[in-house]
Amino acid sequence: MSEDILGTAAAWAAEGEQVALATVVETWGSSPRPAGSMLAVTASGRMAGSVSGGCIEGAVADVARQTMQDGKPQLLDFGISDERAWEVGLACGGKLKVFVEKLG
Amino acid sequence: MTPEHLARLQRARAALTPVALLTRLSDGTQFLFPEDAVPGALAEAAQRLLFDDKAANVTLDGEAWFLQPHNPPLRMIVVGAVHVAQTLAPMAAELGFAVTVVDPRRAFASEERFAAVALNHDWPDEAMEALAPDTRTAVVTLTHDPKLDDPALDVALKSKAFYIGALGSKRTHAKRIERLKALGHGEAALARIAAPVGLDIGAVTAPEIALSILGQVVARRRGK
């Protein structure tokens with residue numbers, strides 16, 4: 001198997017799961033995952049891939065669930081200068097933007 | 001992503017067609033390049049990032065766009081269905097390579113030895129011509145037999161393969177260089193061959209040798 005997050009997400013959607021896709025769209029500093037990295041999340045709690053070293057996946061998954069419900073894409077900012085990032089604790093000290101969209 | 005965009009993207013990926021997904025970050029509007037007509041500046045950027053295989057941000061008329069390339073998988077052509085190839089193939093697949101093992105000796109290139117790997121039983125020069133290595137292809141020769149390795153290397157050297165590695169000691173490689181020179185390859189071309197193959201990590205076992213080869217392939221791919 002390889003790191004085909006989109007393929008995994010599409011397969012979940014085909015099974016009838018509600019799926020949201022989060023993609024790193026921009027990074028600054030020492031963010032662990034480059035732009036284009038993806039995290040797929042289902043309403044039932046399945047997860048594949050990553051958008052960071054693990055520090056913001058939980059927060060992104062929360063937003064993903066909201067996006068699944070209302071269908072509205074979201075652009076999230078995480079960084080040390082950001083209050084929200086303080087809450088979730090971006091330990092790597094980097095900054096990144098994550099785009100979250102409903103899949104299918 | 002709408003069901004239609006997802007279906008089209010998946011179709012292009014299945015057909016091994018390079019495409020880029022363009023997303024307007026303010027509202028999630030998406031286009032698929034080159035299938036959809038997009039403004040010139042976005043098309044140029046999409047073309048470039050498909051070549052670089054790197055996602056990018058573009059601002060056009062005050063709107064932020066995210067452009068993500070979806071290239072076909074990297075390929076690895078392994079010549080020689082030998083012991084090292086048996087671990088190299090699945091490890092390379094794990095790293096995202098579409099692997100083909102070439103060996104006309106069917107006793108070596110058997111399905112029992114290579115489950116879930118594409119096998120090609122043609123003579124290496126024919127197989128290589130047909131597989132046509134490109135800038136997203138790595139070629140590794142492992143047979144240790146000039147009759148099989150040399151024709152494969154001959155074709156690889158004429159291609160744009162981003163990595164060419166050949167198993168064999170320094171002495172074996174020196175002799176190989178002489179034979180390939182006789183086939184008309186110059187010093188610069190021959191310097192492309194990584195030999196002895198792999199990073200020097202003191203590899204002894206077959207999986208260790210496979211790891212050293214893959215480490216070198218990744219380094220080459222990432223410009224190290």
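In this predicted model, the loop of chain B that runs between helix H1 (3–14) and strand E1 (19–24) holds B:Leu16. The phi of B:Leu16 is near 60°, a positive value in a residue other than glycine. Most residues other than glycine have a negative phi, and most peptide bonds are trans. B:Leu16 counts as exposed because it has 11 C-beta neighbours inside 10 Å, where the cut-off for an exposed residue is 12 or fewer.

A second residue of this kind is B:Ala132, which has a positive phi of about 45° although it is not a glycine. B:Ala132 sits in the loop between H4 and strand E8 (137–141) of chain B, and with 13 other C-beta atoms within 10 Å it is partly exposed.

Chain B also contains cis peptide bonds, among them the two in the table below.

| Cis peptide bond | Omega | Loop that holds the proline |
|---|---|---|
| B:Phe33 to B:Pro34 | near 5° | between strand E2 (30–33) and helix H2 (40–52) of chain B |
| B:Ala195 to B:Pro196 | about -10° | between strand E10 (193–194) and helix H8 (206–221) of chain B |

**Chain B as a whole**

Chain B has eight helices and 10 strands, and its C-alpha atoms fill a box of roughly 60 × 40 × 35 Å when taken along the principal axes. Of the 224 residues in chain B, 39% are buried. Among the contacts in chain B between residues at least 6 apart in sequence, 55% join residues that are at least 24 apart.

**Two helices of chain B**

Two packed helices are described by the angle between their axes and the distance between the axes. For helix H4 (residues 124–131) and helix H5 (residues 146–157) of chain B, the axes come within 8 Å and cross at roughly 25°. That angle makes H4(B) roughly parallel to H5(B), since angles under 35 degrees are counted in that way. The crossing in which H4(B) passes H5(B) is right-handed. On the side of H4(B), the contact is made by B:Pro124, B:Asp125, B:Met128 and B:Glu129, while H5(B) brings B:Leu148, B:Pro151, B:Ala152, B:Asp154, B:Val155 and B:Ala156. Divided by kind, the residues of this contact between H4(B) and H5(B) are seven nonpolar, no polar and three charged.

**The sheet of chain A**

In chain A, five strands form an open sheet in the order E3-E2-E1-E5-E4, with antiparallel pairing. E3 and strand E4 (74–78) of chain A stand at the edges, each with a single partner strand, so one side of each is left without a neighbour in the sheet. From one strand to the next, the twist averages 20°.

Strand E2 (residues 38–42) of chain A is mostly covered, as five of its five residues are buried. In a regular strand the side chains alternate between the two faces of the sheet. From E2(A), A:Met38, A:Ala40 and A:Thr42 point one way and A:Leu39 and A:Val41 the other way, and all are buried.

E2(A) pairs with E1(A) in the antiparallel sense over five bridges; within this pairing, A:Ala20 has A:Val41 of E2(A) as its bridge partner, and A:Val19 stands opposite A:Thr42 in E2(A). E2(A) also pairs in the antiparallel sense with strand E3 (residues 47–49) of chain A, over three bridges, and here A:Ala40 stands opposite A:Ala48 in E3(A). E2(A) and E3(A) form a hairpin with four residues between them, and A:Gly45 in the turn has a positive phi of about 100°. Helix H1 (residues 5–14) of chain A lies across E1, E2, E3 and E5 of chain A, and runs at about 15° to E2(A).

**Where the chains meet**

The contact of the two chains takes 15 residues from chain A and 14 residues from chain B. On the side of chain A that touches chain B, the elements that give two or more residues are strand E1 (19–28) and strand E5 (95–103) of chain A. E1(A) gives the most to that side, with four residues. The residues on the side of chain A that touches chain B divide into eight nonpolar, four polar and three charged.

Notes. Residues numbered from 1 in each chain as written. Chains lettered and ligands numbered in written order. Predicted model: local features only at pLDDT ≥ 70, side-chain atom pairs only at ≥ 80, totals over all residues. Contact = placed C-beta atoms within 7 Å. Nonpolar A, V, L, I, M, F, W, Y, C, P; charged D, E, K, R; others polar. Axes fitted to C-alpha atoms, helices over the stretch in contact; angles between N-to-C directions. Parallel < 35°, antiparallel > 145°, perpendicular 65-115°, else oblique. Left-handed = near helix turned anticlockwise from the far one by under 90°. Buried ≥ 20, exposed ≤ 12 C-beta atoms within 10 Å, placed from the backbone. Pairing = 2+ DSSP bridges.
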